[in-house]
Amino acid sequence: MHEHTVRATITSGTVEGFTRDGVHRWRAIPYARPPVGRLRLRAPQPVQPWRGVRHCHGYGNCAPQQRMYTILAPGKYQPTGEDCLTLNVVSPMKRSESPGKSALPVMVFIHGGGYFMGSSATPIYDGAALARSGCVYVSVNYRLGALGCLDLSSLSTTNIPIDDNLYLRDLVMALRWVRDNIEVFGGDPDNVTIFGESAGAHAVATLLAVPAAKGLFAQAISESPAAGMVRTPEVAAQYASRFAKLLGAGKDDGADAVMAVRPGDLVNAFERLIKQGQREMLGAFAAGPTSGTDYLPLDPVDAMRSGKAHRLPLIVGTNAEEANLFGRFLKLLPMSEPMIERLLAQAKPEERERITAAYPGYPDPKACSQFGSDFAFGSAAWQIAEAHNRHAPTHLYRYDYAPRPLRWSGLGATHATELLAVFDVYRTRMGRLLTAAGDRRTALRVSDDVQRRWREFARTGVPGADWPTYTGADRAVRVFDHRPRIEYDPHAARREAWEGFSLAAR
């Protein structure tokens, strides 16, 4: 494989990457100072310039998390560490030569993982196929779990100040880096699209409501945003004191405890906190943004509804069978009758009746699985589309496509399967295995359709003239499948059943 090095000089110094497969790549460029020592649990600080050339050939650390989540290949794990605030850039070797048109749209990807796991180095997020088709691709790491997505600011003391919404501050810092440096890599700083999946999709939707993110991006794509992730400062404080207790500390010495403990111990305590939270629902997941703060004044959906969010073009959507993955691997969702009944126990009887009635056949397994999908993802996408379309162009999709092996295995078009299309995985070795049963042509057709629309949206803010915007009048939904089509309010009963439902209101 022929490779050569490539250099770029950015505001903090010179970075050296490498060229392979028609793209230039730089990995693990720092966008902030390492948040270690005194900087743990503080807002990210500007990166310190360096002398000489910084080698950016390999990925650095991912944020501290359980080792099993850091697998990159069989037997190969990514190292974890607090020094993880880096990003990766992929740009095409060949650029358009037409004068004035040379700057490319920029696509910034925010990985998912429930706000406690994940990494920009995950092979599927490579981004080379997107870059080759005409954009500059950036993927970002941000602090996870107890070190970034659990709001411990209520434990602050005069000596140990702790900031809230750390991971959002990290992402805004990364977007500032993009604004200040991306031109060097051939990107247009005035045409940045942020996109993400799952918790990353939730982060994308939340950034629309972060005042500090204003002007840092022009479009947003939210693939399967998760519900129930926003907490009030009161709920955040409850989680923080529970967390301190798990470390053997109280409210007064909680700050000392979280500063003194090793990252691995924070990861383990956070895992215990999640398990505790599942037993005694506090009204939101333990990790995620805190609204009602200076940094995030309003709940993102409220901000969209009232026109106070950034009024930018948005694509939002879900997959047809989101929950199947969780039923198999991560038992986090209400997908069985006992869990669902416990979840709805605090609801008013008529609300419980309305929601379960939207799932014909409940409590059979198929209805329970659909309930889990909508509870965790469908309801969030509907609420975002309903709120955002009032003030800005909004496009809603449903991704139904699954090749035969995924259908046979019972996973179907489950959570994250649209990423196989977005990142052109069906053209790789893994994709050939997934389409060995004769699905290759369809898989490539669906992939090309998704990529073309994401690309067009990143370039112009419109994902194709034949994809109508979502409005309260007709609720157009683009369905990606063997036969792509537009459906109008296809799940009205389910959508209406979740209107106004919130765990936080319990």
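Asp449 and Arg478 are both buried. Their side chains form a salt bridge, with the closest N and O atoms 3.6 Å apart, and that bridge joins distant parts of the chain, from helix H16 (residues 440-460) to strand S14 (residues 476-480). Welcome to a predicted model in which a search of the whole structure finds 31 salt bridges and which also holds 24 aromatic pairs. Here is a friendly tour, topic by topic.

**Salt bridges**

- Asp170 and Arg143 make another salt bridge through their side chains, at 2.8 Å from N to O. This pair also links distant parts of the chain: Asp170 lies in helix H3 (residues 166-181), while Arg143 lies in the loop between strand S9 (136-140) and helix H2 (145-148), 27 residues apart. Asp170 and Arg143 are both buried.
- Arg485 meets Glu487 in a salt bridge of 2.9 Å, N to O. Glu487 has a relative accessible area of 22%, so it counts as partly exposed, given that buried means under 20%.
- A network of salt bridges ties together Glu386, Arg475, Asp489, Arg495, Glu496 and Glu499.

**Glu16 and its surroundings**

- Look for Glu16 in strand S2, which covers residues 13-20. Its relative accessible area is 6%, so Glu16 is buried.
- The side chain of Glu16 makes a polar contact with the side chain of Arg7, at 3.0 Å.
- Beyond its neighbours within four places in sequence, Glu16 is in contact with Thr5, Val6, Arg7, Trp26, Val53, Arg54, His55, Cys56 and His57.

- Helix H11 spans residues 349-357, and its buried residues are Glu351, Ile355 and Thr356. Because these residues cover an arc of only 120° around the axis, they lie on the same side of H11.
- Exposed on the other side of H11 are Pro349, Glu350 and Ala357.
- Which helices do the buried residues of H11 pack against? They pack against helix H10 (337-344), helix H12 (365-388) and helix H17 (492-498).

**Aromatic rings**

- One of the aromatic pairs is formed by Tyr397 and Phe480, arranged edge-to-face with 5.9 Å centre to centre and 65° between the planes. The pair connects distant parts of the chain, with Tyr397 in strand S13 (residues 394-399) and Phe480 in strand S14, 83 residues apart.
- Are Tyr397 and Phe480 buried or exposed? Tyr397 has a relative accessible area of 2%, so it is buried. Phe480 counts as buried too, at 1% relative accessibility.
- Phe109, Tyr125, Tyr137, Phe195 and Phe423 come together as one aromatic cluster.

**Arginines over tyrosine rings**

- Arg67 places its charged end over the ring of Tyr77, 3.7 Å from the ring's centre.
- Arg169 lies over the face of Tyr295, at 4.3 Å from the ring centre.

Methods: Residues numbered from 1 in each chain as written. Predicted model: local features only at pLDDT ≥ 70, side-chain atom pairs only at ≥ 80, totals over all residues. Heavy atoms only, no water. Salt bridge = Lys/Arg side-chain N within 4 Å of Asp/Glu carboxyl O. Helix = DSSP H or I, 4+ residues; strand = E, 2+ residues; numbered from the N terminus. Buried < 20%, exposed > 50% of the residue type's maximum accessible area, 1.4 Å probe, protein only. Arc of directions from axis to C-beta. Contact = heavy atoms within 4.5 Å. Polar contact = N/O pair within 3.5 Å; in protein donor to acceptor, adjacent residues only side chain to side chain. Phe/Tyr/Trp six-rings, centres within 6.5 Å; stacked < 30°, edge-to-face > 60°. Lys NZ or Arg CZ within 6 Å of the ring centre and 35° of its normal.
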